[in-house]
Amino acid sequence: MANKILLEVVTPDRKVVSTEADVVVCPGVEGQFGVLYGHIPFLSALEIGEMYYKDGPKTEYLAVSGGFAEVTGKKVTIVAEAAEFGREIDVERARRALERAKARLAAAKTENIDWARAEAALRRAMVRMKVASR
């Protein structure tokens with residue numbers, strides 16, 4: 001494990017991944033951040049977004065829906081509300097969710113709809129579509 005950081009991504013339902021990586025990049029609420037082996041320890045809340053990790057020439061992408069990242073010098077632990085690899089995403093289902101979210105945002109202008117919730121649904125659907133296309 002020389003110069004590799006251990007990455008663990010977990011959700012309430014399952015352990016999504018446990019692997020070694022050269023670099024881990026996450027969507028923090030203060031902006032995207034990258035972690036290499038030996039990084040200074042910190043905690044960060046995560047935004048809805050795309051995360052990825054590299055191990056040699058291989059890059060793996062995941063869609064994450066909020067949560068937290070704990071970084072130590074040797075390990076990154078992601079505890080996410082939801083996380084999935086692009087290959088796990090049902091593209092048609094994500095497309096339908098995107099259309100529903102767009103319709104709810106359009107209706108929020110005239111109806112009593114929770115704007116923030118509708119916007120979060122749109123962002124989740126967009127990230128899932130992006131990750132699925134990689």
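The buried residues of helix α2 pack against β5, β6 (58-71), β8 (83-85) and α1 in this predicted model, with contact taken as heavy atoms within 4.5 Å. Helices (H or I, at least four residues) and strands (E, at least two) are DSSP runs, numbered from the N terminus. The model is a predicted one, so to speak of a local feature takes a pLDDT of at least 70, side-chain atom pairs count only at pLDDT 80 or more, and totals for chains, interfaces and linings use all residues. Residue numbers start from 1 along each chain as its sequence is written, and side-chain values rest on heavy atoms, leaving out hydrogens and water.

Back to α2: its buried set is made up of Ala-118, Ala-120, Leu-122, Ala-125, Val-127, Arg-128, Val-131 and Ala-132. Here buried means under 20% relative accessible area, exposed means over 50%, and partly exposed is what falls in between (1.4 Å probe, protein chains only). Over in α1, the buried residues are Ala-94, Leu-98, Ala-101, Leu-105 and Ala-107, and what covers them includes α2.

Both helices come out at the expected length, which is 1.5 Å times one less than the number of residues. For α1, the 17 residues should span 24 Å, in agreement with the 24 Å between its end C-alpha atoms.

Next, the pockets. A 1 Å grid is laid over the protein atoms alone; a pocket is an open set of points where a 1.4 Å probe fits, with protein on both sides within 12 Å along at least five of seven lines, and lining residues have an atom within 4 Å of a point. Grid points are joined across faces, edges and corners, and the volume is the space filled by probe spheres set on the points. On that basis the largest pocket holds about 170 Å³ of space. α1 (91-107) and α2 (115-132) are the elements that give two or more residues to its lining. The lining itself consists of Arg-93, Ala-97, Arg-100, Ala-121, Arg-124, Ala-125 and Arg-128, and α2 supplies the largest share, 4 residues. Sorted by class, the lining has 3 nonpolar, no polar and 4 charged residues; Ala, Val, Leu, Ile, Met, Phe, Trp, Tyr, Cys and Pro count as nonpolar, Asp, Glu, Lys and Arg as charged, and the others, Gly among them, as polar.

As for salt bridges, the cut-off is a side-chain nitrogen of Lys or Arg within 4 Å of a carboxyl oxygen of Asp or Glu, and the count comes to 11. One of them pairs Lys-4 with Asp-55, whose closest N and O atoms are 2.3 Å apart. This pair links distant parts of the chain, 51 residues apart: Lys-4 sits in the segment before β1 (5-10), Asp-55 in strand β5 (residues 42-55). Asp-55 is partly exposed, at 24% relative accessibility.

Because Glu-50 lies in β5 and Arg-134 in the segment after α2, the pair ties together parts that are 84 residues apart in sequence. Glu-50 is buried, at 14% relative accessible area, whereas Arg-134 is exposed, at 52%.

A local case is Arg-96 with Glu-92, a salt bridge at 3.9 Å, N to O. The two are 4 residues apart in helix α1, so about one helical turn separates them. Arg-96 is partly exposed at 39%, and Glu-92 is partly exposed at 38%. Elsewhere, salt bridges that share partners join Lys-4, Asp-22 and Asp-55 into one network.
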